[in-house]
Amino acid sequence: MSESSTNESFTNEAFTNELFTNEVMTVAGSGATVRLTPSGTLEPASGQPGELWIGPGWVDLHTHVYDGMTQISLAPDRAGLEQGVHVVADAGSAGQATIDGLARYVAPAAGTTVRAWLNIGSHGLVHLRETADPAFIDVDAALAAIERHRDLVCGVKVRSSGAIVGAMELQPLKLGRLVARQAGLPLLVHVGEAPPLVEDVLDLLDDGDVITHCYHGKTGHPWRPDGTPVPALARALDRGVLLDVGHGAASFSFEVAERAIAAGHPPHTISTDLHVRNVAGPVHSLATTVTKLLACGLSLADAIRAVTDTPRRVLGMADPWLADGTVRHATVFRLTKEAPDRSYVDARGAERHPDQHILPVAIIREGDLRPIRDGTTG
Ligand SMILES: [Zn+2]
């Protein structure tokens, strides 16, 4: 599936916007200073850069965008292009019995590129205890759904926490792992309250699998008070398992994140778990989540990599954002000390006051630039 968009509001006219043509920008990642020309190329520029930065288009690895099918889903563009995000991966809103509608109706109607982690529970998140009964999992039907939608499905989602799996305990994860391995795809595993114990969950994950809600602060999380990982997490990280933020309404703790980052365990990917019940707060947007991680001590370079190169690699979309100096896809953002009208609260109610804020101001898709009307509304 290409990232091209037929959205009429994308227009080259926007390149005449003096906000960009006269501004010296910093390239996120390299730190080079550049100017964006009206034809969409980047030219080296001398002079003092302002607050504008340009870099690869952002990716949100954990969202809920099966609009019209599950009650918690947002429209893909609400989580995507309107927030400066080019690619949204839906995290298990669809299972094998429901993914055809996402593929046929929702993803093609969106300007934002959509990928999907197939829920190992057949109905996906139509039912919020989607794997609590053995009858809700069908391994062969899940494999068949992946084969039908190879261009959409990026992996298998399993929510492996007590409130969801109930007496099934590790069974959904083991079956999800079977499907993922058979299909040659990674797992996205939600961790939360026990049972199952997080150690038992982690021991089942391999290179390339992703733990979402990695800094949740619930009882039994996999971090020691000094921010170092418990042994099962240390072993998982050594095997190449990736840490994903997946902020959500209940799954991000500033304190846990601050300590882990200080101890040398930054997230590999930053995602929102954006859905209807957290978009008005505490999550708001991917930019807000990135700002929170900066406030936790993450470097800007690591934060940008965690919403660009690394999630693209997870999705198998590691395409360059620049071709011969021309921008193919990019997110333009301001890095400013000016606080937006917003509070930065985690899922436990703790607040921080970041001294720098990331606000998306435009996206470039297939060479077309579109300003984001108000980067502070997300
Ligand atoms: Zn989620």
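A residue counts as buried if 20 or more other C-beta atoms lie within 10 Å of its own, and as exposed if 12 or fewer do. This cut-off is applied here to a predicted model. Asp273 has 27 other C-beta atoms within 10 Å, so Asp273 is buried. Asp324 has 6 other C-beta atoms within 10 Å, so Asp324 is exposed.

These two residues also deserve a look for their backbone angles. Most residues other than glycine have a negative phi. Asp273 is not a glycine, yet its phi is positive, at about 55°. Asp324 also has a positive phi, near 50°. Asp273 is found in the loop between α9 and α10. Asp324 lies in the loop between β12 (322-323) and β13 (326-327).

The loop between α9 and α10 also holds Ser271. With 29 C-beta neighbours inside 10 Å, Ser271 counts as buried. Which residues does Ser271 touch, not counting residues up to four places away in sequence? They are Asp60, Leu61, His62, Thr212, Asp244, Val245 and Gly246. Ser271 can also be compared with Ala306. The two are 35 residues apart in sequence. In space, their C-alpha atoms are 8.5 Å apart.

Pro282 is another residue of the loop between α9 (254-262) and α10. Most peptide bonds are trans. The bond from Gly281 to Pro282 is cis, with omega near 5°. A cis bond also leads from Ala194 to Pro195, where omega is near -10°. Pro195 has its place in the loop between β9 (187-191) and α7 (198-202).

The next element is α10 itself. Helix α10 (residues 286-295) lies across β14 and β17 (357-365). The helix runs at about 135° to β17. Both strands belong to an open sheet of seven strands. The order in this sheet is β3-β2-β1-β4-β14-β17-β18, and the pairing is mixed. At the edges stand β3 (42-44) and β18 (368-371), each of which pairs on one side only. Neighbouring strands of the sheet are turned by 40° against each other on average, direction ignored.

Both senses of pairing occur around β4. Strand β1 (residues 25-27) pairs with β4 in the parallel sense, over two bridges. Strand β14 (residues 329-336) runs antiparallel to β4, and five bridges join them. Trp53 in β4 takes part on both sides. Thr26 stands opposite Trp53, and Phe333 in β14 is the bridge partner of Trp53. Strands β1 and β2 (residues 33-36) run antiparallel and are joined by two bridges. Is β4 enclosed or open to the outside? Five of the five residues of strand β4 (residues 52-56) are buried, so the strand is largely enclosed by the rest of the structure.

Helices pack against each other as well. Two packed helices are described by the angle between their axes and the distance between the axes. Helix α4 (residues 139-148) packs on helix α6 (residues 171-183) at an angle of about 40°. Their axes are 10 Å apart. The crossing of α4 past α6 is right-handed. On the α4 side, the contact is made by Val139, Ala142, Leu143 and Ile146. On the α6 side, it is made by Leu175, Leu178, Val179, Gln182 and Ala183. Eight residues of this contact are nonpolar, one is polar and none is charged.

The buried residues of α4 are Ala142, Ala145 and Ile146. They cover an arc of only 100° around the axis, which puts them on the same side of α4. The cover over these buried residues includes α3 (99-109), β7 (113-119), β8 (153-160) and α6. The face of α4 turned away from the buried side carries Asp140, Ala144 and Glu147, which are exposed.

Methods: Residues numbered from 1 in each chain as written. Predicted model: local features only at pLDDT ≥ 70, side-chain atom pairs only at ≥ 80, totals over all residues. Helix = DSSP H or I, 4+ residues; strand = E, 2+ residues; numbered from the N terminus. Pairing = 2+ DSSP bridges. Axes fitted to C-alpha atoms, helices over the stretch in contact; angles between N-to-C directions. Left-handed = near helix turned anticlockwise from the far one by under 90°. Contact = placed C-beta atoms within 7 Å. Nonpolar A, V, L, I, M, F, W, Y, C, P; charged D, E, K, R; others polar. Arc of directions from axis to C-beta.
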